[in-house]
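Me: I am new to this one. Could you show it to me before I start asking?

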Amino acid sequence: MSGTTITYRVSGMTCGHCEKAVTDEVSALHGVTEVKAVASTGLVTVTAAAEPDDAAVRAAVDEAGYELVGRT
């Protein structure tokens, strides 16, 4: 898969529901082609056609009810 992949650290995810909520919100962002959220590590990997907009990813994570801590 082509594009840019960035991994973010997200706090507050504890279960599969958390993973789905974050994945659904971030996946809705323009240009995002793949999202993998892992509650056990607190990591969310985002692949997009161009480099993901950190502010948009932060807003999507916030909308899901979690906090984006930063890039890893």
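Predicted model: local features only at pLDDT ≥ 70, side-chain atom pairs only at ≥ 80, totals over all residues.

Me: Let us begin with the strands. How do β2 and β3 pair?

Reply: Strand β2, residues 32-38, and strand β3, residues 43-48, pair in the antiparallel sense over six bridges. Opposite T45 in β3 stands K36.

Me: And how many residues lie between β2 and β3 in the hairpin?

Reply: There are four residues between them. In that turn, G42 has a positive phi of about 75°.

Me: On to the helices. What span should α1 have?

Reply: Helix α1 covers residues 16-27, and its 12 residues at 1.5 Å a residue should span 16 Å.

Me: Which residues of α1 are buried?

Reply: They are C18, A21, V22, T23 and V26.

Me: What covers them?

Reply: The cover includes β2, β3 and α2.

Me: Which residues does V22 touch?

Reply: Not counting residues up to four places away in sequence, V22 touches M13, A37, V44, V61, A64 and Y66.

Me: How many residues are in the largest nonpolar core?

Reply: That core has 21 residues. Those with the most contacts inside it are M13, V22, V26, V44, V61 and Y66. The elements that give two or more residues to this core are β1 (4-11), α1, β2, β3 and α2.

Me: What does A64 touch?

Reply: Setting aside residues up to four places away in sequence, A64 touches A21, V22 and E25. The C-alpha atoms of A64 and H17 are separated by 10 Å, with the two residues 47 apart along the chain.

Me: Now V57. Which helix holds V57, and why does V57 count as buried?

Reply: V57 is in helix α2. V57 counts as buried because its relative accessibility is 2%, and the cut-off for buried is under 20%.

Me: Which residues is V57 in contact with?

Reply: Leaving aside neighbours within four places in sequence, V57 is in contact with Y8, L29, P52 and L68.

Me: Finally, what separates the C-alpha atoms of V57 and K36?

Reply: They are separated by 13 Å, and these residues are 21 apart along the chain. K36 is the residue that stands opposite T45 in β3.

Conventions. Residues numbered from 1 in each chain as written. Heavy atoms only, no water. Pairing = 2+ DSSP bridges. Contact = heavy atoms within 4.5 Å. Expected span 1.5 Å × (residues − 1). Buried < 20%, exposed > 50% of the residue type's maximum accessible area, 1.4 Å probe, protein only. Core = buried A, V, L, I, M, F, W, Y, C linked by side-chain atoms within 4.5 Å.
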